[in-house]
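Here's a walk through a model, one region at a time. Keep the viewer open as you read.

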Amino acid sequence: MFRIKKFLVVSAVISPFMLLGTALTSEVTYESHVKKIMAEKCLVCHGQDAPTLEEFKKNKDKYMNIMKGPRMVTYEEVVEFVKGKDAGALMRRLDDGKNRKDGKPGNMYQYLGSTEEERAKNLEIFKRWVGFWTLKRRAELTEEELKLIKVPR
Ligand code: HEC
């Protein structure tokens with residue numbers, strides 16, 4: 001009995017470190033994790049046939065009518081919505097709303113998966129990839145905050 005208790009105490013102390021260990025060793029990257037989710041869940045509307053961000057902005061109504069969002073095929077195109085011209089957009093759109101007063105998720109959150117479990121899992125991958133999850137807009141982000149957005153390849 002004593003042995004079992006001791007084992008439980010020891011594992012309760014050690015396991016958080018083990019979890020942290022796996023989180024640190026298996027870094028989430030665009031190439032290894034994010035690209036696949038984008039291909040499966042986002043590129044139907046943000047794919048090769050979607051307009052560039054500039055083109056999208058000029059003819060927003062037209063593209064919204066045919067359910068096309070700005071193109072997010074390459075790493076460079078995606079990163080514009082994370083820490084570039086439209087910094088923070090990806091985080092605002094994918095957020096589950098749980099840390100907001102009104103609890104409202106971003107309007108792209110629904111596409112992260114067909115079940116709550118899948119959406120939560122994929123959101124976690126995006127969060128780990130981005131490194132600094134903020135709902136601020138480009139203009140509100142400070143230089144220091146922009147530096148905290150990691151998005152490793
Ligand atoms: C069914 C089509 C569809 C799917 C699937 C979809 N989107 Fe979108 N998305 C749109 C449209 C249309 C817009 C532009 C309208 C708007 O702003 O809501 C948009 C806008 C966005 C924006 C804002 C771009 C800007 O103007 O700053 C981001 C970021 C985004 N989507 C990310 C994603 C991600 C990531 C996924 C996959 C998890 C995804 N979307 C899946 C149709 C889609």
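## The two sides of α8

The face of α8 turned away from the buried side carries Glu116 and Glu117, both exposed. (A residue is buried if 20 or more other C-beta atoms lie within 10 Å of its own, exposed if 12 or fewer, and partly exposed in between; C-beta atoms are placed from the backbone.) On the buried side you'll find Asn122, Leu123, Phe126, Trp129 and Val130. They share a side of α8 because they cover an arc of only 120° around the axis, taken over the directions from the helix axis to the C-beta atoms. Before going further: this is a predicted model, where local features need pLDDT of at least 70, side-chain atom pairs count only at pLDDT 80 or more, and totals for chains, interfaces and linings use all residues. Numbering starts from 1 along each chain as its sequence is written.

(The expected span is 1.5 Å times one less than the number of residues.) What do the buried residues of α8 pack against? Their partners are α2 (30-41) and α7. Contact here is a C-beta matter: two residues count if those atoms, placed from the backbone, lie within 7 Å. Just after α8 comes Gly131, with a positive phi of about 85°.

## The overall layout

The chain has nine helices and zero strands. (Helices are DSSP runs of H or I with at least four residues, strands are E runs of at least two, and both are numbered from the N terminus.) Of the 153 residues of the chain, 16% count as buried. Among contacts with a separation of 6 or more, 51% are between residues 24 or more positions apart.

## The nonpolar core

Which residues have the most contacts inside the largest nonpolar core? They are Phe81, Val82, Leu90, Leu94, Phe126 and Val130, in a core of 16 residues. The elements that give two or more residues to this core are α7 and α8, and α8 gives the most, with four. A nonpolar core, by the way, is a set of buried Ala, Val, Leu, Ile, Met, Phe, Trp, Tyr and Cys residues joined through C-beta atoms within 7 Å.

Not counting residues up to four places away in sequence, Val82 touches Ala87, Leu90, Val130, Ile149 and Val151. Val151 is partly exposed, with 19 other C-beta atoms within 10 Å.

## Around the ligand

There are 20 residues around the ligand, and Cys42, Cys45, Gly69, Ala89 and Met108 come nearest. (A residue is near a molecule or strand if its C-beta atom, placed from the backbone, lies within 6 Å of it.) Two elements give two or more residues to this shell, α3 (43-46) and α7 (89-94). The largest share is from α7, with four residues.

By class, the shell has 13 nonpolar, three polar and four charged residues. Here Ala, Val, Leu, Ile, Met, Phe, Trp, Tyr, Cys and Pro count as nonpolar, Asp, Glu, Lys and Arg as charged, and the others, Gly among them, as polar.

## A few residues worth a click

Met67 sits in the loop between α5 (60-65) and α6 (75-79). Its phi is near 55°, a positive value in a residue other than glycine. Is Met67 buried or exposed? Met67 counts as exposed because there are 9 C-beta neighbours inside 10 Å.

Leu146 belongs to helix α9 and is partly exposed, with 16 other C-beta atoms within 10 Å. Leu146 and Ala87 are 59 residues apart in sequence but 8.3 Å apart in space, C-alpha to C-alpha. Leaving aside neighbours within four places in sequence, Leu146 is in contact with Lys83, Ala87 and Leu141.

Trp133 is in the loop between α8 and α9. This tryptophan is partly exposed, with 16 other C-beta atoms within 10 Å. Setting aside neighbours within four places in sequence, Trp133 is in contact with Met91 and Lys127. Trp133 and Gly88 are 45 residues apart in sequence and 8.3 Å apart in space, C-alpha to C-alpha.
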